[in-house]
Amino acid sequence: MTSSLFIQRFGKTKSITKRSAKKYLEEALYRRLLKDGGSDVSVRQNLNQFLKSRKQAYKWEVDHTLKILRNRKRYASALKLSETMAERGMNKTTSDQAVHIDLLAKTRGISAAEAYFINLPEQSKNHFTYGPLLNHYCKELMTDKAESMFAKMKELNLTLTSVHYNCVMTLYEKTAQPERILEKIMEMKASEVKPDILTYNLWMRAVAKLNNISGVERVVNEVKKDDQVSEDWTTYSNLASIYVEFGLTNKAEDALKELEKKNAHKNLSAFQHLLTLYGKTGNLIEVYRIWRSLKLAFPKTANISYLNMIQVLVKLNDLPGAEKCFREWVSGCPSYDIRIANILIGAYIKSDLFNKAEELRELSRRRGAKPNAKTWEIFLNYYLEKGEIVSAATCIDNAITAGRSNGEKWVPGTTVQKLMAYYEGNKDVDGAERFVDILKKGDDNVGGEVLESLIRIYAAAGKTSPIMHRRVKMESVELSDEGKTLLEKISVT
């Protein structure tokens, strides 16, 4: 067996100092792919350069690179690397095949992952390769497929772990079936499958959903007795959240003290949960204490932390504190985040400080953070409450144009009916048509409900439309009997 084949198969040696410059990369693969910052575009470009070079990489490098790419959510590039290496003869273990299934599901959909799984050799169909498909069935709430696959795994006597059970129990949690979670817990105990911390957290939340607070505490005691599981801060975050829901403030704060003790490594998520949960208990003093601790642990405090803190202060009606925190953030923020401004804008609107809300919106715009759909949504609700329909329609126009922060379209929802009802009550055909033009910016088809309302407005105003028949036909909508009658009435020229 040659040394390179040995390395490919067993991955024992990680030295790259003796590489042949002609045959192998001069640097580790992951470093080459991530050298320009690791953005999606740069990773794709660097990967294409590597693949075109036809140079080789050790299997351990490919595995390590795939792990990094997956952690950074560069799934398409990871899949391309995985496929190309397989085409070039790099053997895949069942663990590698499981990773490939996961990447396929994330980039090309579950059908592609299923097709790959079906074509695997029978000896490769084990708990490793069944696992990612089960996970994606559960994530997509495909209950029938998830349960069928889980039953098949048991039928084949595959090694089932807490990971597999957690997938199914998470599905049941998302589909509001806490009693099914308890069934799986009993099944795990009967099969002597060891629970992990996620198992206990799912169990706790399920018992809480069944309004059994003493049962929740029994689960916590069981965690403490389990020598193979170390309770972490998430256990007490879950417990505190449950106590808050039950109105047990003192017990919630006791759980939060335990959470702090468990956060010895200064986990940012733990701090965020502490802020939020102390906020829910109404304890402003503790909120500020945790905030100071967070800033000491993270001197370069992230935008997300300021967002969370300002949100908590606003909910606790500490507007001066929220403003002070906002000014502190603005004075040192590397990038202006419109989401943080939106929280304060919403607080100003709620406190009837409209001018301050408008000033902050303009300040944000000048700082390069254009108002997004959420910003305009806040002003939209204000104008609707005040009955200022023209301004409300402008907000809808701006929200559709701006879109959401994550790039998704913004859909106006029930506000459409409110505005169309206003135009109908005022027999305002021109206003209604202008509003329909705004809606078309988001979707060419405005829908049957809007068209039927428009027809009623024309009829109420005593106006006709020679093209309304065509509009209804183009959108393939089915009008009500009343709508059909009115359509014939307004179509008379």
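Guide: The side chains of Lys295 and Glu328 form a salt bridge, with 3.0 Å from N to O; the term stands for a side-chain nitrogen of Lys or Arg within 4 Å of a carboxyl oxygen of Asp or Glu. Because Lys295 sits in helix H17 (residues 284-297) and Glu328 in helix H19, the pair ties together parts that are 33 residues apart in sequence. Helices here are DSSP runs (H or I, at least four residues), numbered from the N terminus. Lys295 is partly exposed at 26% relative accessible area, and Glu328 is partly exposed at 30%; buried means under 20%, exposed over 50% and partly exposed in between, with a 1.4 Å probe and protein chains only.

A word on the basis: this is a predicted model, where local features need pLDDT of at least 70, side-chain atom pairs count only at pLDDT 80 or more, and totals for chains, interfaces and linings use all residues. Residues are numbered from 1 along each chain as its sequence is written, and side-chain values use heavy atoms, leaving out hydrogens and water.

Asp102 is buried at 5%, whereas Lys106 is partly exposed at 34%.

In helix H15, Lys261 and Glu258 are three residues apart, about one turn, and their side chains form a salt bridge at 3.3 Å, N to O. Lys261 is exposed at 60%, while Glu258 is partly exposed at 28%.

Key: Helix = DSSP H or I, 4+ residues; strand = E, 2+ residues; numbered from the N terminus.
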